[in-house]
Amino acid sequence: MTPAPSPAQHVVQTVPDGLFIGGRWRQARREQRIEVENPATGEVLTTVADADVTDGRDALDAAVAAQASWARTPTRVRAEVLRRAFDLLTARADEFALLMTLEMGKPLAEARGEVAYGAEFLRWFSEEAPRIHGRYAPNPVGGSRLLTTKAPVGPTLMITPWNFPLAMATRKVAPAVAAGCTMVVKPATATPLTMLTFAELMAEAGLPDGVLNVLTTSTTGQVTAPLLADPRLRKLTFTGSTEVGKRLIAASAEQVLRVSMELGGNAPFLVFDDADLDKAVDGAVAAKMRNTGEACTAANRFYVQRGVAAEFTERFAERLGNLVVGDGVDPGTQVGPLIDAAARADVAARVDEAVRAGATVLTGGSAVGEHGYFYAPTLVTDLSADSRLLTEETFGPVAPVVTFDTEDEALTLANSTEHGLIAYAFTQDLDRGLRVAENLQTGMVGLNAGVVSNAAAPFGGTKASGYGREGGFEGIEEYLETKYVGIG
């Protein structure tokens, strides 16, 4: 008798393994496959279809064919699709959480948190869809009337990252559905399973054929380049590295596409002498270790005022050293693996470089285990100003700590980067907190908070961290054009 599959085996077996184009599941034309790996074990979970240029064109054809009808669909109907999707996702939270843990590595508790966070975008934009409106006004100088209306931008290419496989999908798909845009989604090659399952869920929720199309591919540049050059595509939204984002912005210029970019970060975390250290340490652990440090919002540089530097550093190091590293499916795990071997090697190389240059490792500083891609939560002090741990975004569980003396010095250090996604500041002085928040060159600030992401708030950055906003009242505007009608 064949034994019943384990919950992990079952959830993987139920994932559609093809391309989702025009409301149908099909295999890639060249019949190639992509292996999807479990980063906790290094073993292959399953394989999915590997799209080529022709498949990409088919997906855009389907989105274009569905655009006019979807744009005419009443906003209340679009809202109800999103609300049904929210209910379905909430009901299947455990399934999606386990799937994310298997393909990305994050602990189950964090994966469940991502399901709740990702689902909220569906609910939020289901409520925003019926509120799309323009305005009517008399011409201030008389003689005519002014009418403005909103219209969907049109077919949109969405390129999503591997670190938040569900939330990055819902954060883009939900406002597009609400606004009346059709989509071609290219999920990350490393974590395609969650997006494929989500596409199936959206179809179950009643999304018409062709509105959402999903391409999994190992040749992203080859497949997306013709789409970006096609005049029928009207928008590009991308979450990923600044380096790739710059290339996509350049490519999108030929068709003058509407572009939304959520790019890299190098988030500073400021702790002032008057901070509540209990809250500051809690916030530091949350801001650094969420998603094993593999997040653009992760605190990357810790600047601590001299009066509390020793105590904060000692307490922070102790907390990091006590975190449980292991397979995300194990109930006691607090820190999962990095996404792959290259990611772990990169983190290790940066720490080793810092140590050779004179830095001190207070906890961690090495790989963990014989299988999978684990790295110990690490705290480093005595860094040189040019250390890559400070000058570049490190996607992993490493916290470099630097001491400062004055508020002006803290702001200079915090702003000394090309990035400007998010910053964190801890102080009990309200005036200082607001002053610091106003002078930090970032799109978001966590003031006495280590996590600020919220579907009701606009997420996005400045400088090399991109432009455009996702979430909040601002999120749906990224998918809408404004039309003005002058009435004589």
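Residues are numbered from 1 along each chain as its sequence is written, and side-chain values use heavy atoms, with hydrogens and water left out. Because the model is predicted, local features need pLDDT of at least 70 and side-chain atom pairs count only at pLDDT 80 or more, whereas totals for chains, interfaces and linings use all residues.

Strands here are DSSP runs of E with at least two residues, helices are runs of H or I with at least four, both numbered from the N terminus, and two strands pair if DSSP finds at least two bridges between them. The parallel pairing of β20 (residues 422-426) with β21 runs over four bridges, and Ile422 has Met444 of β21 as its bridge partner.

The interior can be followed through its nonpolar cores, each a set of buried Ala, Val, Leu, Ile, Met, Phe, Trp, Tyr and Cys residues joined through side-chain atoms within 4.5 Å; buried means under 20% relative accessible area, exposed over 50%, and partly exposed in between, with a 1.4 Å probe and protein chains only. The largest nonpolar core has 65 residues, and those with the most contacts inside it are Met183, Phe198, Met202 and Leu212. Another core, of 32 residues, lies apart from it and has Phe269, Ala284, Leu379 and Met444 among its members.

Helix α9 (residues 242-252) has Thr242, Gly245, Leu248 and Ser252 buried. These residues lie on the same side of α9, because they cover an arc of only 115 degrees around the axis, the arc being that of the directions from the helix axis to the C-beta atoms. An α-helix has 3.6 residues a turn, so residues three or four places apart point the same way. Exposed Glu243, Arg247 and Ala250 are carried on the face of α9 turned away from its buried side, while the buried residues pack against elements including α8 (220-228) and β10 (235-239).

In helix α14 (residues 407-414), the buried residues are Glu407, Ala410, Leu411 and Ala414. Their arc of only 95 degrees around the axis puts them on the same side of α14, with exposed Asp408 and Thr412 on the face turned away. The cover over the buried residues of α14 includes β12, β13, β18 and α15 (430-439).

Two loop residues deserve a look at the backbone. Most residues other than glycine have a negative phi. Asn291, in the loop between α10 and β13, has a positive phi of about 65 degrees although it is not a glycine, and at 0% relative accessibility Asn291 is buried. Asn448, in the loop between β21 and β22 (462-463), has a positive phi of about 60 degrees, and is partly exposed at 37%.

Note on methods. Contact = heavy atoms within 4.5 Å.
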